[in-house]
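User: Please take me through the structure below by way of questions and answers.

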Amino acid sequence: MSSEQTRHIVIIASYLNHPGGYERIVPSIANLFTEKGNKVTLLIIGNTSETFYPIHNKVNIILKPYHFGIADKGNMISRKIKMLSDIRGLKKILFQLSPDIVIGTEYHISISAQLTGIKKKAKLIAWEHTPIAQSNKNRFWNFLFKKYYPRFNAIVCLTKAEKHFFSQLAPTSVIHNFTDNQSGNYASLQSKTILSIARLSPEKGIDLLLQTAKKVLSLHPSWKWKLIGTGPLKKMVKDFIINENLSTQLILQEPTSSHLNDEYLQASLFVLSSRYESMSMVLLEAQSFGVPLVSFNCPDGPAEIITHEVNGLMAPKENSDALAQAILSLIENPSQAKQLSQQAITNAIHFNSDSVYTNWESLFDKLLL
């Protein structure tokens with residue numbers, strides 16, 4: 001199939017109605033594929049078709065309440081019966097849609113798609129989002145993973161480290177997440193504001209962020225640190241702010257909008273405290289607005305975006321003292337922060353929609369020859 005012909009691409013994803021990197025990039029990719037002239041169906045596996053981030057009106061959305069046996073309710077036998085039932089339902093939908101490309105966005109979705117037999121009719125891609133360190137499968141799914149992942153037409157992952165792992169199984173490409181700064185505006189770095197956007201959960205290193213904030217803000221009381229997010233550690237964050245008397249400096253804000261442009265424009269530093277990441281959307285977004293980046297050098301995504309002392313600073317993973325020192329060095333050296341900002345804007349070009357789509361299109365053309 002030539003690139004001039006319209007491809008029908010089916011993307012299968014789970015819940016997209018919450019803020020988050022996965023929840024942002026899946027609609028963004030569906031929108032991008034549509035804008036580039038492809039026919040796109042987004043098959044959402046869950047109980048709501050609502051998306052937190054905007055979706056193109058030409059994207060065909062289908063909602064099905066499948067979970068392929070991954071659920072808290074039921075026992076081992078009932079979950080396997082449910083899995084078989086869901087796979088039969090998915091098979092019927094996929095064969096009716098008759099796509100050219102099917103993209104699964106999570107291992108259980110990708111494997112289930114393969115079990116439908118759609119690979120006889122379409123090219124099947126496993127698009128990996130979960131960091132390897134975070135991907136915990138039970139024995140049953142690990143067996144299926146080892147058996148079926150070598151049979152994919154292609155695996156798409158987000159980092160070089162993940163490619164090293166997956167390329168042992170099947171043909172693997174690294175295609176980064178993307179973001180576009182369509183406003184044409186950039187952070188002035190005039191406000192004394194540090195910004196972090198993250199789910200309030202252990203893997204995002206929220207406990208480490210709090211300790212870092214305490215050190216930084218005690219030395220620079222005229223600065224503020226805004227943390228935008230929600231999650232299971234919300235109470236812990238609120239209690240910390242009260243107990244440390246930081247209510248005027250450490251600001252916790254709920255993510256109420258999918259548009260955070262103003263937050264990036266008003267920030268002078270962006271800090272990521274994760275214990276592990278894949279391809280962080282918030283780092284990409286902050287970079288596109290020229291906000292200097294400070295991050296732990298955690299596995300595996302930040303090092304794909306940040307070159308230390310070029311467009312940001314990296315601290316040893318889970319070392320809050322080192323993270324604080326990196327932040328302090330930029331607060332106390334505005335000229336260095338300005339240089340990092342300028343390089344961030346330059347580096348963002350490698351992660352814009354046109355650059356990323358070129359890689360996807362090359363993969364599609366290769367598979368559909």
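User: In which handedness of crossing does helix 3 pass helix 4?

Analyst: This is a predicted model, in which local features need pLDDT of at least 70, side-chain atom pairs count only at pLDDT 80 or more, and totals for chains, interfaces and linings use all residues. Residues are numbered from 1 along each chain as its sequence is written, and side-chain values use heavy atoms, leaving out hydrogens and water. Helices are DSSP runs of H or I with at least four residues, and strands are E runs of at least two, numbered from the N terminus. A crossing is left-handed if the near helix is turned anticlockwise from the far one by less than a right angle, and right-handed if clockwise; helix 3 passes helix 4 in a crossing that is left-handed.

User: Which residues of helix 4 meet helix 3?

Analyst: Contact means heavy atoms within 4.5 Å. From helix 3, Y107, H108, I111, S112, Q114 and L115 take part, and their partners in helix 4 are W141, L144, F145 and Y148.

User: Is S196 buried or exposed?

Analyst: S196 has its place in strand 8 (residues 193–197). Not counting residues up to four places away in sequence, S196 touches L209, W225, K226, L227, I228, F270 and V271. Buried means under 20% relative accessible area, exposed over 50% and partly exposed in between (1.4 Å probe, protein chains only). The relative accessible area of S196 is 1%, so S196 is buried.

User: How far apart in space are S196 and L269?

Analyst: In sequence, S196 and L269 are 73 residues apart. In space, C-alpha to C-alpha, the distance between S196 and L269 is 8.7 Å.
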